[in-house]
Structure formats: C-alpha cells, structure tokens
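Hi everyone, thanks for making the time. I'd like to walk you through one structure today, so please have a look at it before I start talking.

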Amino acid sequence: YTADCTYYLAYIRYSQQRYDDALSGFLSLQDNAKYEALVPYYIAEIYLIKKNYDKAEIVAQNYLSAYPNQKYTGEMYRIQGTADYHFGKYHEAIKAFGSYLKDNAEPAPRRDALYMLGMSYYRTGVYSQVPVTLGEVTANKDALTQNAYLHMGLAYLQLADKNKARMAFEQAAASDADLKIKEQASYNNALCIHETSYSAFGESVTVFENFLNEFPNSAYADKVSSYLVEVYMNTRSYDAALKSIERITHPGRAILEAKQKILFQLGTQSFANTQFEQAIGYFDQSVTLEQNNQSGNSDSDDRDTTKTTKKSSSTKSTTKKESTTKKKSKSSSSKSSTKSKTKNKTTKSNSSKNNRSSKSQDADEEYLIDDADEMETYTLPSGENMRNAARVKQGVTAVGITVIIATVISISLLIFKKSGKK
C-alpha cells in the first residue's frame, strides 16, 4: 500500500496548499501503473500555481499525446492554454482553450480560462469575440471584471459601436477594485461621451470636470483640459463655462487661460448691456488672473536659475579637485599599470562567467513573471486632435490680447465713472 499512501498524502498536501510537499509525492508516482494517468494533472496544476509555465506546458503536452480521451483531458487543455497565454502565444492559447471548452467535464468553464480566452481574442484582433467571451466573466465585482469591461469597451470601439463602448467603460469606471483601471476607463468614457455628445455644452463638460477632480495628477489631465478648453472656446455659454471652471478643484494652466478669456467675454457682455459695475468686476478678475500667472511663471524661472547657478558652481569645484587628483595619479599610474594588466586578465574571465550565469538567471526569471495586462486608452482620430489643438492654440494666443483690452476697458470705465460723478 506504499503507492496508495503516497498518493493520498500528496493529495492531502495539495488540498492544504502545501504544494512543494504534494509535488514531491506526485512526482514519485509518475511510473506507477495505477497512478501514471492520474498524477500528471496535479503535477501540471502545481507547476501552473507556482508559475512554472514551461514545465506545466510540457507535462500537459505529454499527457495529451499519451492519454487523449481521459478524465483530465479538458483540464490539460486549459493548463496548456494558460501557459501559452502567459508566454504571449495567443493563437495557440485560443486553440487550447477552445479544446478545453469542448472537452470540459465540469458543469461550467472556469472563469479565469474564459478571461484569458477573451483577452487572447483581443490580442489577436478578433474583436467580435471579445465581448461575447469576456461578458461571461463579469458576474463578480472584482478587478478581473473591471478589466474585462475595459477591454470590452476597447473592442466595441474597434467594431465602431461607440454606444456599447461607452456603456462598457462606464461599468469599468464605476468599480474601485483597481484604481489604475478605473482611471483608464474614466478617461476612455470621457472621450466617448465627448465624441457622441449632441449638445455643445452638456454631458461631456460634466464628465471632464469629474475626471479632473477625481484624478488631478493623472497623465491624461492635460489632454482632458485641452478638450475642456475646446468646448469653452466653441460655446457662447460663458456663465456656464465659468461655473464649470469654478467646480474644478485644481485647474491647470490651459483652464486658467480659458478662464481669462471667458471673464473678458462676460465683461464685454456686461459692458454692452451698460452694466458697468459688473463689467469692471469681470475685467479686474481677468487682469489679476493674468498677473498671478505671470508671477507664478517668474517664480518658477527664478527657481530654475538658482538651480543652474548652484550646478555651475559645483561643477567648477569638482573640476579643480579633478585637476589636482589627475596630477597625483600620473605618478602612481605607471607603477600600477603592470599589476593592472595581470588583474584585468583574471577579472575578464570572471566577468564573462558572471555574465553567463546572470543571463541564465534572467531567462529563468522570465518564466516566473506574472502576466500584467497592459491598460490601453482610446484616443480621438488624428485629424480631430489636430483641429482641437489648433482651436486651443487660437484661444490661448487670444488671451494676451484679451488682457490688454480688458485693462483698457476697465480703466476707461473708471474714468467714465469719475467724470459722471463730477
């Protein structure tokens, strides 16, 4: 009963997640006639858990060639597909997972297998199958569901279905399971709304505001600000635009420059309606905002100049030290040259050995790296980006002229008021 005891002990260790002890027990039974068709599944599964994908793949392939119609045939296809997926062999993974779904003996396929199958479809450009497959893994509220919705949205964009893409991005952005995925999905959702919005000043502004408030330090904050500025510049709803800017907790430079022009436009409207007190208030705010921006820029320039002066002084001192050390080293270099030649020969041989060993270690470590799905974002078509950039540039260059005009008008209004009082 030695083989039986070994198998049951190994199975108990496996159920207790003591995988090293279980693996040694199962490996000892590979040549046993009673267990040779049973233990390969557990061996491959343990290799998969330990992220030894190359060994798991070898065991699975050997099993499938030796026992094509056994109890664990479907599971071995799943293990092979998982290994192929983590090695980036997505076409092979699709084929293996397809065989797994065909030969699966369980009531329902495993959720992680469906996820990897859906991601493999996405990586190979079979976008029509991505929502169908990933849609089956979204029952739980976790990071896997969140990332599935993100890639479903990206697949819908490739299929030119922006409405479904928007709904998928909304689902991913609503989850807090992974904040990085949430940020990516929120950005993609904002761009979808911006493209599909029918009102000039509507939902897209709100979603851009929410993004800047929720992710003020995002890498996409500048892009979102430029889209917001474009909306501000292309609309005449200046009151709504000013209220929108006031709702942004940390507005960037582009938003503040847009605010200057909006204040000027509100001032000119008040001036045309003979509401001079209100006009003066708007013009004064526009001027002071420009002054604050200029002072902020001058402070940053001063900090940069002090940094450069410190660097230049430090480089001068270091060059002096280097010149003195070079003089001292000339006398000692001739003595040590003969010794260094012999040392270099030995160190070169040692370094070559170390390089070989480090390369082999790196190759082994590559198999242990877990698959981290790269997050992807949706961008507007290149032509639309060029038009947006041109509009924003026109608006920004007009800010300087706006401030000059606002200053002249506010001064003239003050003179007008004084002359009226006299």
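I'll go through the helices, then the nonpolar cores, then the aromatic pairs, and finish with the salt bridges.

First, some housekeeping. This is a predicted model, so local features need pLDDT of at least 70, side-chain atom pairs count only at pLDDT 80 or more, and totals for chains, interfaces and linings use all residues. Residues are numbered from 1 along each chain as its sequence is written, and side-chain values use heavy atoms, with hydrogens and water left out.

When I say helix, I mean a DSSP run of H or I with at least four residues, numbered from the N terminus. Buried means under 20% relative accessible area, exposed means over 50%, and partly exposed is in between, with a 1.4 Å probe and protein chains only.

Let's begin with α2, residues 19-27. Which residues of α2 are buried? They are Y19, A22, L23, G25 and F26. They sit on the same side of α2, because they cover an arc of only 165° around the axis; that arc is taken from the directions from the helix axis to the C-beta atoms. As a reminder, an α-helix has 3.6 residues a turn, so residues three or four places apart point the same way. The buried residues of α2 pack against α1 (2-15) and α3, where contact means heavy atoms within 4.5 Å.

Now jump to α15, residues 253-272. This helix has 20 residues and reaches 29 Å from its first C-alpha to its last, close to the 28 Å expected at 1.5 Å a residue. The expected span here is 1.5 Å times one less than the number of residues. Among the buried residues of α15 are I255, A258, I262, L263, F264 and L266, and the list also includes E257, K259 and K261. Just after α15, T274 takes a positive phi of about 55°.

On to the cores. By nonpolar core I mean a set of buried Ala, Val, Leu, Ile, Met, Phe, Trp, Tyr and Cys residues joined through side-chain atoms within 4.5 Å. Which members of the largest core touch the most other members? Of its 32 residues, those are Y115, L134, L150 and F169. At least two residues of this core come from each of α6 (90-103), α7 (111-123), α8 (129-134), α9 (143-158), α10 and α11. Another core lies apart from it, with 30 residues, among them Y227, V229, Y232 and A258.

Next, the aromatics. Rings of Phe, Tyr and Trp (its six-membered ring) pair if their centres lie within 6.5 Å; planes under 30 degrees apart count as stacked, over 60 as edge-to-face, and the rest as tilted. That rule gives 22 aromatic pairs. Take Y11 and Y42: their ring centres are 5.8 Å apart and their planes stand at 90°, so the pair is edge-to-face. Y11 belongs to helix α1 and Y42 to helix α3, so the pair ties together parts 31 residues apart in sequence. Y11 is partly exposed at 38%, while Y42 is buried at 6%. Both belong to a cluster linked by ring pairs, which also takes in Y7, Y8, Y14, Y19, F26, Y35, Y41 and Y72.

Finally, the salt bridges: a side-chain nitrogen of Lys or Arg within 4 Å of a carboxyl oxygen of Asp or Glu. The count comes to 18. One of them joins K50 and D20, at 2.8 Å from N to O. K50 is in the loop between α3 (39-49) and α4 (53-66), and D20 is in α2, 30 residues apart. K50 is partly exposed at 34%, whereas D20 is exposed at 53%.

Another bridge pairs E195 with K162, the closest N and O atoms being 2.7 Å apart. E195 is in α11 (179-196) and K162 in α10 (162-174), so the pair ties together parts 33 residues apart in sequence.

R166 and E203 also meet in a salt bridge, at 2.6 Å. R166 lies in α10 and E203 in α12 (203-214), so this pair ties together parts 37 residues apart in sequence. Is R166 buried or exposed? R166 counts as buried, at 18% relative accessibility, and E203 is partly exposed at 41%. Elsewhere, salt bridges that share partners join E45, E75, R78, R110 and D112 into one network.
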